[in-house]
Amino acid sequence: MNEIKLKPCPFCGSDNLEIYATERKDRPKCVWTAEVVCLGCFGRAVNHGFDWTEKEAKDKAIKAWNRRTDKDGG
């Protein structure tokens with residue numbers, strides 16, 4: 001299984017990162033949500049909405065965390 005590598009924190013540069021997934025028992029469907037948190041500065045990125053699986057929720061949070069702007073404007 002290929003895991004997506006997390007980029008360092010865009011706010012403080014730390015590699016001390018955690019991924020948290022939460023299962024909402026009060027929802028009948030799409031119960032998973034996730035977030036990536038920097039333990040250095042507590043910057044975070046979350047997936048929006050809820051997902052069917054824990055992996056799907058984590059992958060979306062990681063994709064949001066790894067998103068960077070293109071400094072060259074291209």
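1. A quick word on what you're looking at. This is a predicted model, where local features need pLDDT of at least 70 and side-chain atom pairs count only at pLDDT 80 or more, while totals for chains, interfaces and linings use all residues. Residues are numbered from 1 along each chain as its sequence is written, and side-chain values use heavy atoms, with hydrogens and water left out.

2. Now find Glu-56 and Lys-60, whose side chains meet in a salt bridge at 3.9 Å, N to O. They sit four residues apart in helix α1 (residues 54–66), so about one helical turn separates them. (Helices are DSSP runs of H or I, at least four residues, numbered from the N terminus.) Glu-56 is partly exposed, with a relative accessible area of 30%, and Lys-60 is partly exposed too, at 39%. Salt bridges that share partners also join Asp-51, Glu-56 and Lys-60 into one network.

3. About those exposure words: buried means under 20% relative accessible area, exposed means over 50%, and partly exposed is in between (1.4 Å probe, protein chains only).

4. Next, have a look at Glu-23 and Lys-25, which form a salt bridge with their closest N and O atoms 3.3 Å apart. Lys-25 is exposed, at 72% relative accessible area, whereas Glu-23 is partly exposed, at 37%.

5. One more pair to check: Glu-35 and Arg-44 meet through their side chains in a salt bridge of 2.7 Å, N to O. Arg-44 counts as partly exposed, with 44% relative accessibility.

Key
A salt bridge is a side-chain nitrogen of Lys or Arg within 4 Å of a carboxyl oxygen of Asp or Glu. Helices (H or I, at least four residues) and strands (E, at least two) are DSSP runs, numbered from the N terminus.
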